[in-house]
Amino acid sequence: MKQTETTSLVLLRHHLKHLRLPTIGAECEKVATRAAADNTDHLAYLLQLTELELLDREKRAAERRLKAARFPTIKTMDTFDFAARPSVNKVLVAELMRCEYIDSRENLLLVGNPGTGKSHLATALAAQACAKGYRVRFFRTTELITSLIEARDERNFLRLKTALAKLDLLVLDELGYVPASKVGAELLFDVISTAYERTSLIVTTNLPFESWTEVLGSERLTGATLDRLTHRCKIIETKGESYRLKDAQTRTRRATIKQPGQTLDGDPIST
Ligand code: ADP
Ligand code: MG
């Protein structure tokens, strides 16, 4: 490479860094060599580079959104076994994966016993929302209540509320595992009311509606919370036994099959 070319490249890299175009900086030489070999004109060369930058930028933004959502574990829809959970409507889930419910500010309620895939479905749907450009945050409900209580007397409260208000989708996982205190229930109600018709909510719970009063304390508050939550809301029931339990049983069964002298159920063969 000639001296002038090297100087130009150093300067170009500097300008691109200043303009925050890192992918163009990293790819320009390689694409230029290919463009020269293919006889590509200048405009097509520039187009290729800007396309690469845009693609990379979108990828980085999606990664940032995924990180900001703070999922405890990443779950995807393609690892969800629909055959094992027939009460979950696959067509409805496919529709939810298109994220139109977020545009129309609708909510989703996932109701079912522990281990039946509620958090898996909620996480997979919310991760899809991140990929599609929505701002998402996942909370265990008790964790959110604790954060709100702790932040209540400080400026952090406003900061937390502002952050929540900016979301497109808020996931409240495990509502009802632990009864909320009076203050906690009121703060949770405040979050749900503020989100009403502004931010979509995905709520997972093991509680049937009639038991919500036990968790939220007052009947008036429960009524008002359910009223907001279930207005324009889709409900998925994950009926049946725990997947973890079933999975563990299948694994035990597989292990015992290998043992000679036993039936498929693991019982010793009677002699
Ligand atoms: P819940 O939130 O209802 O208590 P989880 O979603 O945490 O249940 O599910 C428990 C475990 O079982 C998780 O590891 C989850 O990925 C897995 N699981 C549950 N249901 C299914 C399913 N239908 N297909 C695949 N994995 C499942
Ligand atoms: Mg769960």
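Helices (H or I, at least four residues) and strands (E, at least two) are DSSP runs, numbered from the N terminus.

Colleagues, the structure before you is a predicted model, in which local features need pLDDT of at least 70, side-chain atom pairs count only at pLDDT 80 or more, and totals for chains, interfaces and linings use all residues. Residues are numbered from 1 along each chain as its sequence is written, chains are lettered from A and ligands numbered from 1 in the order in which they are written, and side-chain values use heavy atoms, with hydrogens and water left out.

I begin with helix H11. Ser218 caps the N-terminal end, with a side-chain oxygen 3.4 Å from the backbone nitrogen of Arg220. Just after H11, Arg232 has a positive phi of about 55°.

Which residues of H11 are buried? They are Leu221, Thr222, Ala224, Thr225, Leu226 and Leu229, where buried means under 20% relative accessible area (1.4 Å probe, protein chains only). Their cover includes strand E1 (107-112), helix H9 (182-195) and strand E5 (233-238).

I turn now to ligand 1. It is surrounded by 14 residues, each with a heavy atom within 4 Å of the ligand; the closest are Asp81, Gly115, Lys118, Ser119 and His120. A backbone N or O atom of Asp81 lies 2.7 Å from a ligand nitrogen atom. A backbone N or O atom of Gly117 lies 3.1 Å from an oxygen atom of ligand 1.

Notes: Buried means under 20% relative accessible area, exposed over 50%, partly exposed in between (1.4 Å probe, protein chains only). Contact means heavy atoms within 4.5 Å. A polar contact is a pair of N or O atoms within 3.5 Å; within protein, one must be able to donate a hydrogen and the other to accept it, and residues adjacent in sequence count only if both atoms are side-chain atoms.
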